Amino acid sequence: MRVLLWMALFASSAAFAGPVNLAQLQEDYVAQTGDTLTDTLSSAYMLSIADGAEVVLKNAVVVREEYEGGAGIICEGSCTIFLEDSNFVKSNQSSPGIHIPEGHTLVIDGPGSLDVRSEGFSAGIGAGSYYSDCGNIEIRGGVITAVGESSARIGGGSIGSKCGNIVISGGEVNAKGGGGAAAIGCGSHG
């Protein structure tokens, strides 16, 4: 039922953009409502989602190498990510896998899965490290696996960063705390 409702909302959107093959990008990209992001982005290009946009991740892989700055996916404001099939997002040590700015909300929904990781002091979904804050996170559906180290897997990074409200109303969430951090909530020294 939820999938049909989502598809009906997309069908009525005048801003439908269609599929975007991440492997073919040759510059930074800001996803818009109706974009379906597919394939692999493992380069220096930044991937953002426009404020208010509703996008689909469908078999998408986004990898930010350690030497590159920035989150795997940056929400420019409030946005919705709908999951189809299997998706993977990984950032470097100082940035979260998916970042939401303070005062805004990220909604994750859909029948697909998302494996989201940060290798260091930033959350899988949420805040970066060292006082970098984030907004609200709402998970309504999907199978979410979040991995970090001294950060919350979903929520705050380490060293004083904070996150807004975290609401999980559906789906399946796999997150395990460690390194002085909660699985969902605050990072170490947060």
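**Salt bridges, core packing and burial in the predicted model**

R117 and D115 form a salt bridge in which the closest N and O atoms lie 2.8 Å apart. The structure under analysis is a predicted model, and R117 is partly exposed in it, with a relative accessible area of 28%. In total, 3 salt bridges are present in the structure. Another of these joins the side chains of R140 and E138, with an N to O distance of 2.8 Å.

Of the 190 residues in the chain, 49% are buried. Among contacts with a separation of 6 or more, 67% are made by residues 24 or more positions apart. The accessible surface of the chain amounts to about 8100 Å², and carbon and sulfur atoms contribute 52% of this area.

Nonpolar packing was considered next. In soluble globular proteins, nonpolar side chains tend to be buried together. The largest nonpolar core in the model comprises 32 residues, and the members with the most contacts inside this core are I98, L106, L114 and I125. Strand β5 (residues 54-63) supplies the largest share of the core, namely 4 residues. Beyond residues up to four places away in sequence, L114 touches L57, L83, N87, V89, I98, I108, V143, I144 and T145.

I108, one of the residues touched by L114, is located in strand β10 (residues 105-109). Its relative accessibility is 0%, so I108 counts as buried. When neighbours within four places in sequence are set aside, the contacts of I108 comprise I81, L83, L114, I125, E138, I139, R140, G141 and I144. This list includes E138 and R140, the two residues whose side chains meet in a salt bridge. The C-alpha atoms of I108 and V56 are 9.9 Å apart in space, while the two residues are 52 residues apart in sequence.

Burial was also examined for a loop residue. S158 occupies the loop between β15 (154-155) and β16 (166-168). With a relative accessible area of 0%, S158 is buried. A C-alpha separation of 8.6 Å was computed between S158 and A127, which are 31 residues apart along the chain.

Finally, cysteine residues were considered. A disulfide is a covalent bond between the sulfur atoms of two cysteines. The structure holds 0 disulfides. C75 has a relative accessible area of 2% and is therefore classed as buried. C134 is buried too, its relative accessibility being 2%.

Note on methods: Residues are numbered from 1 along each chain as its sequence is written. This is a predicted model: local features need pLDDT of at least 70, side-chain atom pairs count only at pLDDT 80 or more; totals for chains, interfaces and linings use all residues. Side-chain values use heavy atoms; hydrogens and water are left out. Buried means under 20% relative accessible area, exposed over 50%, partly exposed in between (1.4 Å probe, protein chains only). Contact means heavy atoms within 4.5 Å. Accessible areas come from the Shrake-Rupley method with a 1.4 Å probe; for residues, only the protein chains shown count as cover. A nonpolar core is a set of buried Ala, Val, Leu, Ile, Met, Phe, Trp, Tyr and Cys residues joined through side-chain atoms within 4.5 Å. Helices (H or I, at least four residues) and strands (E, at least two) are DSSP runs, numbered from the N terminus. A disulfide is a pair of cysteine sulfur atoms within 2.5 Å. A salt bridge is a side-chain nitrogen of Lys or Arg within 4 Å of a carboxyl oxygen of Asp or Glu.
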